[in-house]
Amino acid sequence: MCGIAGLIHRGKSSNVGSELQGMLQALKHRGEDSTGYALYGDTDGKNFIMRFKVGENVGEGSSSIMEDVSVYDERKKIVDETIKELGAKIVKEERTLPYSLRYEISYDKKDLLDFSQRIESIPGVEILSMGKSLEVIKDLGNAKAVCDRYSLDKLVGTHAIGHARMATESGVDIKSAHPFWGYPFSDVSVVHNGQLTNYWNNRRALENKGMRFMSECDSELIAVYIAQKMREGASLEEGMKDSLTGLDGVFTYFVATKDSLGMAKDTMAAKPLVLYESDELVAMGSEEIAIRSVLPQEIDTYDPFDGEVKVWRI
Amino acid sequence: MANIKTVEKKSKAQSMGMHTEVLTGRTQQKFFNPDEAENFYYFGTYDVDFNKRTDLDVKDMTAPEANKEIDKLMSEGYGTIVIKNPQGKHSLGVGILNKLNLIFEGSLGYFGMGSCDGPTVRINGRVGWSCAENLMAGKVVIEKNAGSCFGAAIRGGDLICKGSVGARTGIDMKGGTIIIGGDAGAFTGFMMQRGRIIILGDVGINLGDSMYDGTIFVGGKIGSYGSDAVDADLTASDQDWLKRKLKVAEIGENFDVSKMKKIVAGKKLWNYDNLEPTEKKGAI
């Protein structure tokens, strides 16, 4: 089933980590296999923030194979060396969990394709996100469990999107969890509720164009599809509108960039979305109760129509 | 000798598109006999007094707790219940089978007022997906917008949304009336079998797709027609009925109904013979 939620503050920052946690926790009945956050925090914009994993969570319910922690250390060491070889410098590093790391990296090139390809060529290593503001945090469990594990409730920023997942066609693991980074674009992330039926056709075509897929989750296709459209020169909104015909199936998805948040709904309108929009705040989710967790007072909300695409800027 | 009164009523109903076929095959119809009233018991219903009024704050209740509390209040004879702080909770007010004035001061989530038979409900907010699904009788009025599958499979009653509604409004409906003050999404009236839908605003793509019967009236633009949905002439009796209905619904009272479009089933898609599938098998 899965649930998605997102919000964008216009003209100000807020405690988006805590707000999104509340929204996703309200949707936990839609899936608790994994929960993911894409948070756009307030930063000075000088360094890239890279969230990556060197292994999987092998806790209860996981479909991943257990590995020795020493393997994680070995992979981390290779990542550190590769970053140095690429001419980048690790400014700050945090190891939240044995398999999950956060680096602040000084890197003066804009194109992240070469950088991310080199890092992800290390077996067992996956970049969850890279950007000057974006941080993707995803793990097994419900919204509160993931928020507590990564101390996300204090994160201040302008906007965020998140996903509560019920695994249906791919594994219960971090690599199949949402949000997906819009590889190799800085600060682009995607969450999706639905099912894509032309996944393999699109995947093969995109792989032929040099795009990478890390999982077999159909939702990853949206991130790669939009990223490819932007690579070809389309704006975010144009890429999203194109996806309404390029992607087949039922879907409602959100895309976020450094300064904007967008939603798209398929032409069958088969997946739910409730939206609240004001001059200060846009909040949306699979169910109204998600919005109510940040706006408990009586508000006007509506369901976007079939084939609708909307984009808001901070 | 034919009963003239019945014939007139029947042809009038047919001219308005309420139904154009006589039920045959294995369908069983049983009508209520007043002589058997004392033997008739509708499980889970209460005699309530509309002048007996109370408030119920459901802010800290789960949906089952709130519904049980409503049931308890009805059993105590309360006929007017005002629900405070529904805050988008799912499945509130479901399964009410008797007359009742129910007022929600706020919005409901999914499946609000599902499987009801008789209450008069006013929701001073918005409703999520599948509001009033399987409504048998009564009146449900929503002051703001509604989600998708609004009035799915209703059999009777009036369902009114003063704002706009999502996709698949009136899907599989078998009777009753749905009235929309604003716009409606894609696949409105999808596979509807009877009843009527009135939309004062625009409607999305595939209107009345695969409808068996029933009638849809649209005041605004139509995105596209679904399979087998066709235009029909708007008659004088249609216009009279629309005016009456919009007045009772407290919505679009001054709306020019003469310009509305009437959409019915072309009846080319389905096999409209009188045989049930098993009977057909035998005939072959």
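**View 1. Surroundings of A:G262 in the predicted model.** A:G262 touches A:L236, A:E237, A:M240, A:F254, A:V255, A:V309, A:K310 and A:V311, leaving aside residues up to four places away in sequence; contact requires C-beta atoms, placed from the backbone, within 7 Å. This is a predicted model, in which local features need pLDDT of at least 70, side-chain atom pairs count only at pLDDT 80 or more, and totals for chains, interfaces and linings use all residues. Residues are numbered from 1 along each chain as its sequence is written, while chains are lettered from A and ligands numbered from 1 in the order in which they are written. A:G262 belongs to strand β12 of chain A, residues 260-265. Helices (H or I, at least four residues) and strands (E, at least two) are DSSP runs, numbered from the N terminus. Because A:G262 has 24 C-beta neighbours inside 10 Å, A:G262 counts as buried (20 or more other C-beta atoms within 10 Å of its own; 12 or fewer is exposed, in between partly exposed; C-beta atoms are placed from the backbone). Between the C-alpha atoms of A:G262 and A:I289, 27 residues apart along the chain, the separation is 20 Å.

**View 2. Packing of helices α5 and α6 in chain A.** The axes of α5 (residues 199-208) and α6 (residues 220-231) lie 11 Å apart, at an angle of about 40°; axes are lines fitted to C-alpha atoms, for helices over the stretch in contact, and angles run from 0 to 180 degrees between N-to-C directions. The angle therefore makes α5(A) oblique to α6(A) (under 35 degrees is roughly parallel, over 145 roughly antiparallel, 65 to 115 roughly perpendicular, the rest oblique). From α5(A), A:Y199, A:N202, A:R203 and A:L206 meet A:L221, A:V224, A:Y225 and A:Q228 of α6(A). By class, this contact has five nonpolar, two polar and one charged residues; Ala, Val, Leu, Ile, Met, Phe, Trp, Tyr, Cys and Pro count as nonpolar, Asp, Glu, Lys and Arg as charged, and the others, Gly among them, as polar.

**View 3. Contact between chain B and chain A.** Chain B contributes 22 residues and chain A 16 residues. The chain B side divides into five nonpolar, 14 polar and three charged residues. For the complex, the predictor gives an ipTM of 0.81 and a pTM of 0.85.

**View 4. Chain B.** Chain B contains four helices and eleven strands. Of its 284 residues, 45% are buried. Where pLDDT is low, the predicted coordinates should not be read in detail.

Note on methods
Two residues are in contact if their C-beta atoms, placed from the backbone, lie within 7 Å.
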